Amino acid sequence: MQTLYDKLWQSHVVYEESDNQGKQDGTALLYIDRHLVHEVTSPQAFEGLKLAGRRPWRRNSILAVADHNVPTTGRSHGISDPISRVQVETLDQNCEELDITEFRMNDIRQGIVHVIGPEQGATLPGMTVVCGDSHTSTHGAFGCLAFGIGTSEVEHVLATQCLLTKKAKAMQIVVEGELGHGVTAKDIALAIVGEIGTAGGTGYAVEFAGSAIRALSMEGRMTLCNMAIEAGARAGMIAVDDTTIEYIRGRPFAPVGDLWEKAIAYWRTLKSDEGARFDRVVTLAAAQIKPQVTWGTSPEMVTTIDGKVPDPSRIDDIVKRHDMEHALKYMGLAPNTPISEIRPDKIFIGSCTNSRIEDLRAAAKVVRGRHIAANIKLAMVVPGSGLVKQQAEQEGLDKIFLDAGFEWREPGCSMCLAMNDDRLAPGERCASTSNRNFEGRQGPGGRTHLVSPAMAAAAAVAGHFVDVREIN
Amino acid sequence: MKKFFSCEGLVAPLDRANVDTDAIIPKQFLKSIKRSGFGQNLFDEWRYLDHGEPGMDSSQRKPNPDFILNMPRYSGAEILLARANFGCGSSREHAPWALQDYGFQVIIAPSFADIFFNNCFKIGLLPIALDADTVDQLFHEIEATQGYRLAVNLRDQSVTTPSGKLFQFDIDSFRKHSLLNGLDEIGLTLQHSDKIRAFEEKYRAAQPWLFT
Ligand code: SF4
């Protein structure tokens with residue numbers, strides 16, 4: 001009896017390493033099917049490859065896009081920051097030289113690497129997917145083994161189509177039951193990180209299972225797998241079912257005809273066998289999950305919308321207390337403040353966690369016919385890709401946002417990590433649909449509260465955090 | 001990759017848990033297309049009082065006197081001691097690059113984030129996980145002793161304190177072998193090219209849609 005992870009692992013092992021005594025420690029050479037590349041973590045890898053006189057092993061496995069550095073306004077003038085521009089141009093040059101498929105900045109298919117892979121059908125069930133980016137876990141939503149790698153490994157995959165890696169332990173996170181109205185995949189993700197902690201999944205590959213997971217759309221599943229890394233797990237994954245297959249059907253890179261039939265027959269086997277053993281199982285009841293809001297500088301520092309900022313003086317563990325005090329000081333929050341009294345200055349709806357069409361629809365539903373509150377200095381929507389943007393515009397979502405006082409931007413990572421011009425000023429507070437609330441993540445001194453798209457939209461309208469369940 | 005055998009060096013104590021890669025090397029420095037020069041911006045937001053941007057002359061900037069690496073007693077440290085879940089966050093190899101470029105050879109913590117841990121080995125920086133109580137004890141000893149040094153030996157998998165106390169650490173045999181010999185992993189893998197090709201052929205027959 002095998003877990004999904006066992007199956008994905010085993011089907012990609014080229015050989016297993018052993019030391020000079022022939023002993024195996026679980027390190028294997030793993031074959032990689034899809035290599036996603038972006039501008040930030042690849043230049044040094046391409047350089048290394050060239051210096052060694054090597055070529056990509058299988059260039060068709062590679063899909064490249066610039067997303068971290070690209071501006072979200074005024075693209076017709078190119079990139080004004082010279083250092084960012086060099087990085088993006090370097091990717092363009094490398095792809096051109098090596099004949100690698102790249103969606104350039106002004107291509108409608110350009111977008112955040114973890115949004116465009118699935119959108120194009122470049123992410124398929126049963127694959128091993130890697131990218132020099134920790135949120136590669138997103139692609140596990142399709143029953144893939146997908147994980148982030150460093151630049152040396154990017155070079156290794158370019159040169160050999162393989163990765164030397166060690167098998168992780170298997171964790172199953174089961175979410176049973178029905179989610180309450182207004183509660184989303186993002187809330188499940190944050191609740192899980194709150195429950196097991198940011199290191200809870202370290203050393204594990206996590207499979208999400210249970211009726212609440214099966215009920216999620218592919219967008220929701222991607223949101224959840226995206227944040228597996230915030231719980232420390234390099235990979236998150238979900239078994240293949242009809243929802244998966246229907247999402248892929250007809251996408252540009254997806255197989256057609258006989259190959260499609262053959263593929264789906266195989267994909268349907270991509271689930272854990274009944275009774276397969278996991279090293280750890282965590283269970284959550286969907287009905288008990290409420291809208292989540294982070295209050296600190298780590299995604300595990302999270303509570304529910306009806307909760308309060310915690311009080312460090314009540315924490316016995318010294319290291320924990322110290323961390324909490326530090327976080328509250330950085331966040332400019334007093335202990336015991338009700339979450340609903342926290343007032344953001346800016347609203348960011350975007351990132352590889354929550355910038356897909358369903359996310360934009362959920363946010364638009366809340367803001368429709370309303371306006372952002374007077375204390376909100378900036379509210380922005382950054383679609384995950386050019387195609388998401390186009391779809392949203394066809395549905396008239398852009399109008400809803402613009403009428404409500406939001407800005408409607410070009411696709412990219414944007415204020416998720418503030419490598420371009422979109423960033424918080426020191427001390428500014430943001431309700432953000434991204435995945436990390438680390439110090440300085442959205443701009444030096446910036447304060448991030450992670451929430452779902454509907455919760456971000458509700459905060460924009462109310463001017464403070466508010467339970468979205470009471471709005472709609 | 002740099003070879004690693006042993007290191008006997010001054011220890012800097014960074015008394016924080018969940019030190020993330022954004023803190024280790026803030027994103028504005030990730031715009032570089034080079035692999036070196038990140039050391040001057042290691043822990044940039046904690047280390048300097050002004051805001052750092054690429055291209056700034058760090059000798060003209062205002063160091064934060066309260067930050068551990070700016071204290072004279074830890075100047076020249078080669079070993080960094082931190083709390084649990086060190087290196088969480090992004091996959092940026094710039095984080096280990098910055099630590100190594102600054103001069104660190106060893107990072108000791110109760111636990112590390114997976115990708116960071118993995119990335120360290122690729123460049124010959126040694127992350128060592130010791131249990132939380134031991135790490136706690138080391139923090140106390142460092143605070144009490146000026147010029148506190150540790151001796152790290154990879155072959156024996158040991159860390160020795162000035163008073164002669166010895167702690168063993170675990171490391172995968174393959175990783176240890178690679179570090180001790182400074183192996184080029186790509187070259188090593190390419191020696192198995194025939195196996196990769198054979199795998200590819202079988203695999204292509206089973207899942208042809210992956211190769212269109
Ligand atoms: S959107 Fe944010 S988390 Fe996602 S890839 Fe971009 S920077 Fe990373």
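Q: What is the place of A:Gln161 in chain A?
A: In this predicted model, A:Gln161 is in the loop between helix H5 (151-160) and strand S8 (162-166) of chain A. Helices (H or I, at least four residues) and strands (E, at least two) are DSSP runs, numbered from the N terminus.

Q: What makes A:Gln161 count as buried?
A: Buried means under 20% relative accessible area, exposed over 50%, and partly exposed in between (1.4 Å probe, protein chains only). A:Gln161 has a relative accessible area of 1%, so it is buried.

Q: Why is chain A called as compact as a globular protein of its length?
A: First, its secondary structure: chain A has 15 helices and 19 strands. Its radius of gyration is 22 Å, close to the 23 Å that the globule rule gives for 472 residues, so chain A is as compact as a globular protein of that length. The radius is taken over C-alpha atoms, and the rule is 2.2 Å times the number of residues to the power 0.38. Of those 472 residues, 66% count as buried. Along its principal axes, the C-alpha trace of chain A spans about 60 × 55 × 45 Å.

Q: How do you know what confidence the predictor has in chain B?
A: Look at pLDDT, the predictor's confidence in each residue, from 0 to 100. Chain B averages 95, and 100% of the residues score at least 70. For the complex, the predictor gives an ipTM of 0.94 and a pTM of 0.96.

Q: What do the numbering and the values follow?
A: Residues are numbered from 1 along each chain as its sequence is written, while chains are lettered from A and ligands numbered from 1 in the order in which they are written. Local features need pLDDT of at least 70, side-chain atom pairs count only at pLDDT 80 or more, and totals for chains, interfaces and linings use all residues; side-chain values use heavy atoms, leaving out hydrogens and water.
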